[in-house]
Amino acid sequence: MSMPSRFALLPLPLLLLTACNRGTSNTTNLTIKGSDTEVQLVSNLAKAFARHNTSAHLSVTGGGSATGIASLLNGEIDIANSSRPMSDAERAQASERGIDLQEFILARDGLSIILHPENPITTLSMQQLSDIYSGRATRWKDIGGSDAPIVLYGRQSTSGTFGFFRDTVVKDDYAQTMRNMEGNQAIVDAVRADANGIGYVGVGYVKDDQGNVRDGISAILISLKNSNPVSPLDREAVKRGDYPISRPIYQYLPAVPPRGSPAEAFLRFEASSDGQAIVEASGFYAITAEDVQRNSTLLAKIH
Amino acid sequence: MLKRIRQRLPLSEHIVQWCLMCTAFLTVLLLIGIFLFLFLSSLRAFREITPSEFLLGNSWNPVSYHRASWGIGSLLQGTLLVSTTALLFAAPLGLFTAIYLSEIARPLVREILKPTIEMIAGIPSVVLGLLGLLFFAPLIAKTFHLSNGLNALTAGILVGIAALPTIASVCEDALSGVTRRYREASLALGATRWATIRRVVLPAAHHGIAAAIMLGLGRIIGETMIVLMVAGNSLAPPRSLFSPARPITATIAIEIKETIIGSTHWHSLFALGLILFLLTFLVNFVADFLIHRRTL
């Protein structure tokens, strides 16, 4: 490396440091980071919010729920998006660092299992999903399909969806052969091109504006023991929790936001009927009455 | 004689000499500092990980559902498979390009082609990765009737393209460095142009060629962005060129984002970095040795 370019790198860490500071100390800026499943949804919310609050500047980035939570614990951001609840270890680290963690439920998601449209399978049980993703079933024939290998698409370990799906469905380690994709859209694109593929993504990546399944993929029904198969596109079933892999998706804050802060204004906007309409328009489901109750406990703490 | 000249140097020359010496030592210090940092940071990983599991294990799963496993086997195999593919692609192409440029092309053609090839080195690897993701991987999938084109072969070829200019350019320097007299003597003895290249020029330049390939290999092993985007990222040990792979570089890039600073997982990524450092250090050391022998 030549001498000038080596010196040119010196100011870089300083720039980064100041960039981080600006995110937390300046009151008109709001830095949001985390779940890739949520990034499109929260960007849509931020855009609508900025239309009414021209002074607020919001930045929304992805990287995965674990990335967002790590950034929150390291004090780099204002809000962490997470598509899974924070783990006990993460909560312990938060209290160790004196962070008064606050949980906000943004939306409901029906995690959807997608296949190539040529795949004749339309329904899978939770047990079959576990067999497929843990590698106990390796050919479609094993679960009543054609005699072809199963190609697994999943997320990277930075992803909240990776953790949620493993802990609630697979209940085992993922098969090592699973391809770890960068994001939801990467999985949709891969399954669209792969007749033997299977993938899991947030319902927002499966539905189009009219509430139908997008072209090039099929979303399968999921059955529990002794129950009728349920589709992730069935809004009421997801909200009632009848769809076996429905989940709340979260936002975490490092403290109760002060009254009049942009964080408070943004949370109130997200909880409002306008905000929840954007949640539905983005392909996810509005929060349940129970979630509203829990959110209002947080909002009531703001003084 | 040389000593007497140095004594008569003006003060400004001394200052420049002194500055250059400081810079050189700073570079060495930086290298030693990086090595020590990596070494000390990785040591802590081995409070919980046994070195035998780390070096001999075949399963890397620090966030396992059951029990974390820390074997670098499959990652190392991913790195070696992608690097070998890249080298098998880039070394012959680079060498043939260099032979054409040095021995066959007219001066005008050479003056145009050589800078053009060196310009490939300026393409950011993320752009190569993007091209691979959008165009090259689907092409590979179609050609070999695969369900998905993100695999070790795709990554190897793209990483090879990234290393091609290094290999071609340094090879060309080595071939041009062979004195004209060897060629003239060979042609005077009645050898054809091809026989001269094969029997005289290539053997005379072989240390330089080997050094060029090793320099290219150093670039190949450390390449991160391309493999992150197109190698397919699967933790299973790759079984063939068409299997997805996850080289060491991609693993560090993916997992460093989610680790809590100071945790065993965090330290283990430094241990991976140390392995990578030692691999590239070894390769560069061999390259340096070969270049040195050429000038003797």
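A salt bridge is a side-chain nitrogen of Lys or Arg within 4 Å of a carboxyl oxygen of Asp or Glu. Side chains of opposite charge can pair when their charged atoms come close. This structure is a predicted model, in which local features need pLDDT of at least 70, side-chain atom pairs count only at pLDDT 80 or more, and totals for chains, interfaces and linings use all residues. Residues are numbered from 1 along each chain as its sequence is written, chains are lettered from A and ligands numbered from 1 in the order in which they are written, and side-chain values use heavy atoms, with hydrogens and water left out.

Over all chains, the structure holds 22 salt bridges. One of them joins A:Arg294 to A:Glu103, with the closest N and O atoms 2.4 Å apart. A:Arg294 lies in helix α12 of chain A and A:Glu103 in strand β4 (residues 102–110) of chain A, so the pair ties together parts that are 191 residues apart in sequence. Helices (H or I, at least four residues) and strands (E, at least two) are DSSP runs, numbered from the N terminus. A:Arg294 is partly exposed, with a relative accessible area of 44%. Here buried means under 20% relative accessible area, exposed over 50%, and partly exposed in between (1.4 Å probe, protein chains only).

A:Arg166 forms a salt bridge with A:Asp167, and their closest N and O atoms are 3.3 Å apart. A:Arg166 counts as buried at 10% relative accessibility, whereas A:Asp167 is partly exposed at 39%.

## Salt bridges in chain B

In chain B, B:Glu103 forms a salt bridge with B:Arg183, the closest N and O atoms being 2.8 Å apart. B:Glu103 belongs to helix α4 (residues 73–104) of chain B and B:Arg183 to helix α8 (residues 180–188) of chain B, so this pair ties together parts that are 80 residues apart in sequence. B:Glu103 counts as buried at 12% relative accessibility, and B:Arg183 counts as buried at 16%.

A network of salt bridges links B:Lys114, B:Glu118, B:Glu172 and B:Asp173.

## Strands β1 and β2 of chain A

Strands of a sheet pair through backbone hydrogen bonds, either parallel or antiparallel. Two strands pair if DSSP finds at least two bridges between them. Strand β1 (residues 29–34) of chain A pairs with β2(A) in the parallel sense over five bridges, and A:Leu58 in β2(A) is the bridge partner of A:Leu30. From β1(A) the chain crosses through helix α3 (residues 36–52) of chain A to β2(A), and this β-α-β crossover is right-handed. That term applies if, with the strands pointing away from the viewer, the path from the first strand over the helix to the second runs clockwise.

In a regular strand the side chains alternate between the two faces of the sheet. Along strand β2 (residues 57–61) of chain A, A:Leu58 and A:Val60 point to one face and are buried.

## A five-stranded sheet in chain A

Five strands of chain A form an open sheet with mixed pairing, in the order β8-β7-β9-β5-β10. β8 (179–181) and β10 (218–219) of chain A stand at the edges with a single partner strand each, so one side of each is left without a neighbour in the sheet. Strand β7 (residues 151–155) of chain A pairs with β8(A) in the parallel sense over three bridges, and A:Tyr153 has A:Arg179 as its bridge partner in β8(A).

Strand β5 (residues 112–115) of chain A runs antiparallel to strand β9 (residues 197–201) of chain A, joined by four bridges. A:Ser112 stands opposite A:Val201 in β9(A). β5(A) also pairs with β10(A), in the antiparallel sense over two bridges, and A:Ile114 has A:Ala219 as its bridge partner in β10(A). From β5(A), A:Ser112 and A:Ile114 point one way and A:Ile113 and A:Leu115 the other way, and all are buried.

## A buried helix in chain B

Seven of the eight residues of helix α12 (residues 248–255) of chain B are buried, so this helix is largely enclosed by the rest of the structure. The buried residues of α12(B) include B:Ile248, B:Ile252 and B:Glu255.
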